[in-house]
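I have the sequence and the model open side by side. These are my notes on what I looked up, entry by entry.

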Amino acid sequence: MLELKNIRKVYNPGEVTEMCLFDNFNLTVDEGEFVSIVGSNGSGKTSLLNIICGSIPIEGGEILIGGKNIAKMKEHKRYQTIGRVYQNPAVGTCPNLTMLENMSLADNKGKSFGLSFGINKARENFYKDQLSILGLGLEDKMQVKLGALSGGQRQAASLIMSTLTPIEFLILDEHTAALDPKTAEIIMELTGKVVKEKKLTAMMVTHNLRYAVEYGDRLLMMDKGHAVLDKGAEEKKHMQVEDILDVFTSISIECGN
């Protein structure tokens, strides 16, 4: 279980541009939940993910995973139990290394490095089995450099690499935004498949309202650091894209747009 308690986040403290985004913000994500998060630019969606991952500091509050407060834990330490797929397919992979080398790096996440070989050939079949889940034939590209693959293929590989080691949370940060519509559809289908088969707890930020409705078992809408909409599994089943648009429209009118 993930718990955010009384989170306070201030950008540019002490400056003219100071802005308090989160003030006593609270959120609980149960084990096994797949939460889709939507909201306009500046609503706090990505900041929320960055706070969980430790990419940005907070001014107050607790971040509890399994009851343990990780608010002061370094970012790289958190990634031992958190997997993350970024918006840019180039982030999270090494383009000049082969698929096998990239998979080996991901497989050794959180482990100490010695003078032994970084590639464990004995694990190659395991990597192939994991990649075969995607159904894209990436298991046959173990010696191909990641930079030679398409954006969709790299994003699919990133998805598997982020879940290669045992993790407690999968963070999806607009991971289809940089892809063409057809490829984005494929990646979303694969995302749903991987989350279900690996029984992961996942949080996905997306600007695609249809994806937010179709995927996940909980829908969260952010606005100015507040959760203005929070629909659980049963309520979400009956939601349509138009329902979210109505809330977006009302917020937009309140902001004078």
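**Cysteines**

I started with Cys 53, which counts as buried at 0% relative accessibility. Buried means under 20% relative accessible area, exposed means over 50%, and partly exposed is in between, using a 1.4 Å probe and protein chains only. This is a predicted model, so I kept in mind that local features need pLDDT of at least 70, side-chain atom pairs count only at pLDDT 80 or more, and totals for chains, interfaces and linings use all residues. Residues are numbered from 1 along each chain as its sequence is written, and side-chain values use heavy atoms, with hydrogens and water left out.

**Helix α1**

Next I looked at α1, residues 45–53. Helices (H or I, at least four residues) and strands (E, at least two) are DSSP runs, numbered from the N terminus. Eight of the nine residues of α1 are buried, so the rest of the structure largely encloses this helix. Among the buried ones I noted Lys 45, Ser 47, Asn 50 and Cys 53. Just after α1, Gly 54 takes a positive phi of about 85°.

**Arg 154**

I found Arg 154 in helix α5, residues 151–162.

Then I listed contacts, meaning heavy atoms within 4.5 Å. Leaving aside neighbours within four places in sequence, Arg 154 is in contact with residues including Pro 89, Thr 93, Pro 95 and Leu 146.

**Met 203**

Met 203 lies in strand β8, residues 202–205, and counts as buried at 0% relative accessibility. Not counting residues up to four places away in sequence, Met 203 touches, among them, Leu 48, Leu 49 and Ile 52. I also looked up Met 203 and Asp 173: they are 30 residues apart in sequence and 8.3 Å apart in space, C-alpha to C-alpha.

**Strand β9**

Is β9 (residues 218–223) enclosed or open? Six of its six residues are buried, so β9 is largely enclosed by the rest of the structure. Arg 218, Leu 220 and Met 222 point one way, while Leu 219, Met 221 and Asp 223 point the other way.

Two strands pair if DSSP finds at least two bridges between them. Strand β3 (residues 34–39) pairs with β9 in the parallel sense over five bridges, and Val 38 has Met 221 as its bridge partner in β9. β9 also pairs with β10 (residues 226–231), in the antiparallel sense over five bridges. In the hairpin of β9 and β10, two residues sit between the strands, and Lys 224 takes a positive phi near 50°.

**Open sheet**

Last entry: I traced an open sheet of four strands in the order β2-β1-β4-β5, with antiparallel pairing. Its edge strands are β2 (19–29) and β5 (68–69), each pairing on one side only. In β2, Cys 20 is the bridge partner of Val 10.
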